[in-house]
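This report examines selected helix contacts, backbone features and single residues of one protein model. The sequence and structure are shown below for reference.

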Amino acid sequence: MRSMRIAIGSIVQETNTFSPRPTTLESFEAVYLWRGDEVFSKLRKARIEIPGILSVLEPLGIEAIPLIATSALAGGVVTRETFELLMSDMETRLKQAGKLDAVLLPLHGAMTVEGEDDAESEIIERVMKLVPDGTPIGVSLDLHGHVTQRMLKPNVFVIGYREYPHIDMFETGVRLAETMLAVLKGRIVPRMAIAKLPLIVSPSKARTVEDPLKSIVAVVRKMEADGEILHGSLFPVQPWLDLPGLGFGVLVCTNGDAAGAQRAADKLADMVWERRHEFDPDLVELKHAIDVGLREQGTTVVADSGDAPSGGSAADNTSVLQALLDAGAGRSYRRTYLTMCDADAAKFCAKAGVGTTLTLD
């Protein structure tokens with residue numbers, strides 16, 4: 001009896017459409033870009049989705065076919081040229097893969113490309129064209145993904161991370177693979193539904209380890225445990241996307257019951273909406289944070305969630321620097337460290353050498 005063969009490919013990037021800096025091929029290469037056998041050999045020890053998938057497939061003797069795996073830091077819109085280079089590589093390897101039983105795609109959910117707001121849907125559609133009709137495709141998404149109705153295709157199921165902070169990427173890969181095996185063995189027939197809210201929340205108030213999201217997540221887990229749904233995913237969405245239909249998303253998968261999936265998704269979305277004001281951020285004002293830092297003992301760490309490079313921003317705003325100067329940080333006996341992104345200045349300093357005094361714009 002022929003063993004199962006499942007192809008695996010991953011293109012991950014979280015876009016900040018407000019960033020003026022495009023994401024290029026170099027952006028992906030700076031994190032990782034592995035092709036073919038490198039996908040498994042280079043990522044095997046990482047606690048991300050692909051090793052989680054392999055931990056399920058390999059002990060069962062299922063042949064995993066590597067396509068490409070790449071990731072870029074959060075940043076500006078991906079150039080069409082870059083996207084085409086990555087996709088053409090994935091498509092070529094998919095064409096050469098031979099007979100496949102399924103395809104697994106660990107993606108992000110908030111990647112945009114020049115001319116395409118919904119990059120993940122384009123990836124799914126292009127993969128579907130290269131496999132026989134009816135071939136199941138499983139997709140995993142980051143909890144901050146911008147889920148859309150377009151993502152829900154026949155024979156495609158989607159699951160999201162359960163945790164924020166993201167500590168379950170490996171476990172998400174495990175769930176993705178286990179769900180696919182259940183599909184291939186005929187134990188489940190995934191039926192998916194989505195509910196979207198006109199609600200954008202601050203990531204600082206959308207952690208799964210604290211309310212209001214914590215208790216809503218608990219309801220999702222109970223619905224899964226009771227067999228009401230196969231799985232439910234909450235997508236608070238990252239807010240730095242200027243896209244139509246952006247908002248908090250709820251995605252539910254049931255076993256063959258599309259209407260039940262929609263009822264469950266709507267129920268969970270209603271719970272989020274009823275508690276929407278609890279998502280209002282309660283942040284420290286910049287002036288107060290600086291005052292504490294300059295006067296209190298010990299080290300004060302202040303995180304700028306607005307111009308944060310980990311959220312894909314340009315990280316070039318001088319407002320915090322101005323506030324520090326206005327507060328007298330330059331004259332204080334305490335040292336202040338401030339990160340800014342200025343590639344030209346960094347190159348100029350590197351060229352000048354250690355110990356050189358410079359005046360920069």
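## The crossing of α7 and α8

Helices α7 and α8 cross with right-handed geometry in this predicted model.

From α7, the residues Ile 216, Val 219, Val 220 and Met 223 take part in the contact, and they meet Ala 264, Leu 268, Met 271 and Val 272 of α8. The contact of α7 with α8 contains eight nonpolar residues, with no polar and no charged ones.

## The crossing of α3 and α6

On the α3 side, the contact is made by Glu 49, Pro 51, Gly 52, Ile 53, Ser 55, Val 56 and Leu 57. On the α6 side, the contributing residues are Met 169, Phe 170, Gly 173, Val 174, Leu 176, Ala 177, Glu 178 and Leu 181. By class, the contact of α3 with α6 consists of 10 nonpolar, three polar and two charged residues.

## The two sides of α9

Which residues of helix α9 are buried? Within this helix, which covers residues 286–295, they are Ala 289, Ile 290, Gly 293 and Leu 294. These residues lie on the same side of α9, because they cover an arc of only 130 degrees around the axis.

The buried residues of α9 pack against α10, which covers residues 319–326. Lys 287 and Arg 295, in contrast, are exposed on the other side of α9.

The bond from Tyr 164 to Pro 165 is cis, and its omega is near 10 degrees. Pro 165 belongs to the loop that runs between β6 (156–160) and α6 (169–184).

The bond from Asp 211 to Pro 212 is also cis, with omega near 15 degrees. Pro 212 is located in the loop between β7 (190–196) and α7.

Although Val 237 is not a glycine, its phi is positive, at about 65 degrees. This residue is part of the loop between β8 (231–235) and β9 (249–255). Is Val 237 buried or exposed? With a relative accessible area of 1%, Val 237 is buried, because the cut-off for a buried residue is under 20%.

Ala 315 likewise has a positive phi, near 55 degrees, in a residue other than glycine. Its position is in the loop between α9 and α10. Ala 315 is buried, and its relative accessible area is 8%.

## Thr 82 in α4

Thr 82 is a residue of helix α4, which covers residues 80–95. Its relative accessible area is 4%, so Thr 82 is buried. Which residues does Thr 82 contact, leaving aside its neighbours within four places in sequence? They are Thr 23, Thr 24, Leu 25 and Phe 28.

## Separation in sequence and in space

Gly 61 occupies the loop between α3 and β3 (63–71). Its relative accessibility of 47% makes Gly 61 partly exposed. In sequence, Gly 61 and Ser 3 are 58 residues apart; in space, the C-alpha to C-alpha distance between Gly 61 and Ser 3 is 7.1 Å.

Ala 346 is located in helix α11, residues 343–352. With 45% relative accessibility, Ala 346 also counts as partly exposed. Ala 346 and Tyr 333 are 13 residues apart in sequence, while their C-alpha atoms are 26 Å apart in space.

How values were computed:
Residues are numbered from 1 along each chain as its sequence is written. This is a predicted model: local features need pLDDT of at least 70, side-chain atom pairs count only at pLDDT 80 or more; totals for chains, interfaces and linings use all residues. Side-chain values use heavy atoms; hydrogens and water are left out. A crossing is left-handed if the near helix is turned anticlockwise from the far one by less than a right angle, and right-handed if clockwise. Helices (H or I, at least four residues) and strands (E, at least two) are DSSP runs, numbered from the N terminus. Contact means heavy atoms within 4.5 Å. Ala, Val, Leu, Ile, Met, Phe, Trp, Tyr, Cys and Pro count as nonpolar, Asp, Glu, Lys and Arg as charged, and the others, Gly among them, as polar. Buried means under 20% relative accessible area, exposed over 50%, partly exposed in between (1.4 Å probe, protein chains only). The arc is that of the directions from the helix axis to the C-beta atoms.
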